[in-house]
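Please open the structure in your viewer and keep the selection tool at hand. The tour below goes step by step, saying what to select and what is there.

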2 protein chains.
Amino acid sequence: MIPTITAFERSPDRGKGLARDMRVRWALEEVGQPYDVRLVSFKAMKEPAHLALHPFGQIPTYEEGDLALFETGAIVFHIAERHAGLLPDDANARARVITWMFAALNTVEPPILERETAKLVEHDKTWYEERLPFLEDRVRKRLGELSGRLGDANWLDGGFSAGDLLMVSVLLRLKSSGILDEYPNLSAYVARGEARPAYKRAFDAQLAVFTAASTG
Amino acid sequence: MIPTITAFERSPDRGKGLARDMRVRWALEEVGQPYDVRLVSFKAMKEPAHLALHPFGQIPTYEEGDLALFETGAIVFHIAERHAGLLPDDANARARVITWMFAALNTVEPPILERETAKLVEHDKTWYEERLPFLEDRVRKRLGELSGRLGDANWLDGGFSAGDLLMVSVLLRLKSSGILDEYPNLSAYVARGEARPAYKRAFDAQLAVFTAASTG
């Protein structure tokens, strides 16, 4: 059965691959699972039909027969549990990968998102310039800790996993900031993720949606 | 085998049950799994021995034989997978509960934590008073959506689950704010969680640690 995911009709990042459908596309490409995409407008995301799928009115969602899921982390985990390639077989290694999935989304992403949110919605406030360094220090604290743990390993725990998929996706949000360049091992880690054929296929697919919306 | 978790030697919330070890204690109590607790000082949390367990220098951690985990969501999931009581047997229902676990930690908790962080570290800034209503509106947006989905159900999806355990824990952070009272069905939902015997046992256990540290 081919699952259907939702994505922005016109991604606010203009096809840079930062919208969260990219994470689900990447997971599906890693495991070789074909998928369909239903595009959703900003208006439709807040209407009852979409809210029935996603109570917080966001993308992506995941539909497969009578199963409907939301939350990127849960969707990536669902895909990882049902296909080989994103979770190790060994029970302890699997639990550690799940730990990295939660760490990416709960510990590393929040300060990165706060910095982005401030840039988007507080850039015209009087406090913005004074507050930004404080937000960036919160990001650096987490990156320093992550960099220390990664060391010179290729991936967070053994081979590439769903934990790396989410962590690389989270760190990619910093690409245009220059902050990631302060941590060479994290920059190299992100580059290793981007170099994966499955990442490239997913990236091209989301970019094609944006390009079509812009020229269509 | 009895697992060992870590908790604050002296919780910054003074035993109100908001430190994240509470979530793990609650999960262990729900499934009837005895556990040991190792208390960690703020200083020790940033030292190599603890960082080897938790790269971000936080609590709780979870050790069970040669398995060491961090991240509350991952620990609760690990407990839920290995014992009956926190995840449904049906595969689709299980996937939906996992969705709520991620939703609690990734979608509902971040704006709540941002409000708390601002209160803690920005309360003496010139912008604090002007910015607080904006932070509270972000919280209200998520609570409104969650309230709409919960409706008059007792729990988020069928019977009590690990998704409810995490969502109630997240919402409890708002208890002293008054914001939760604006959503009667969410207040009642939180009260149902607090009324569970397993919650009460976990709460008493974490409070006993704080009381002993204060009087010892």
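Which domains does the domain assignment of chain A give? In this predicted model, the assignment gives domain 1, made of residues 4-85 together with 198-215, and domain 2, made of residues 91-196. Select each of them in its own colour, and note that the centres of domain 1 and domain 2 of chain A, taken over C-alpha atoms, are separated by 21 Å.

Next, turn to the place where the two domains of chain A touch, where 15 residues of domain 1 are in contact with 19 residues of domain 2. Between them, domain 1 and domain 2 of chain A bury about 1500 Å², and 62% of this area lies on carbon and sulfur atoms. Now select Arg23(A), Trp26(A) and Tyr199(A), which supply 39% of the area that domain 1 of chain A buries against domain 2 of chain A, more than any other three residues.

For the charged pairs, select Glu30(A) and Arg196(A), which form a salt bridge whose closest N and O atoms are 2.7 Å apart. Between domain 1 and domain 2 of chain A the count is 4 salt bridges, while the count of residue pairs in polar contact, with both residues at pLDDT 80 or more, is 6.

Finally, show the helices H1 (21-31), H4 (72-82) and H9 (197-215) of chain A, the elements that give two or more residues to the side of domain 1 that touches domain 2. The largest share of that side, 5 residues, comes from H4(A). Sorted by class, the side of domain 1 of chain A that touches domain 2 of chain A has 8 nonpolar, 2 polar and 5 charged residues.

Key:
Residues are numbered from 1 along each chain as its sequence is written. Chains are lettered from A and ligands numbered from 1 in the order in which they are written. This is a predicted model: local features need pLDDT of at least 70, side-chain atom pairs count only at pLDDT 80 or more; totals for chains, interfaces and linings use all residues. Side-chain values use heavy atoms; hydrogens and water are left out. Domain bounds come from an automatic or database domain assignment. Contact means heavy atoms within 4.5 Å. Buried area is the accessible area (1.4 Å probe) that two parts lose on being put together, summed over both. A salt bridge is a side-chain nitrogen of Lys or Arg within 4 Å of a carboxyl oxygen of Asp or Glu. A polar contact is a pair of N or O atoms within 3.5 Å; within protein, one must be able to donate a hydrogen and the other to accept it, and residues adjacent in sequence count only if both atoms are side-chain atoms. Helices (H or I, at least four residues) and strands (E, at least two) are DSSP runs, numbered from the N terminus. Ala, Val, Leu, Ile, Met, Phe, Trp, Tyr, Cys and Pro count as nonpolar, Asp, Glu, Lys and Arg as charged, and the others, Gly among them, as polar.
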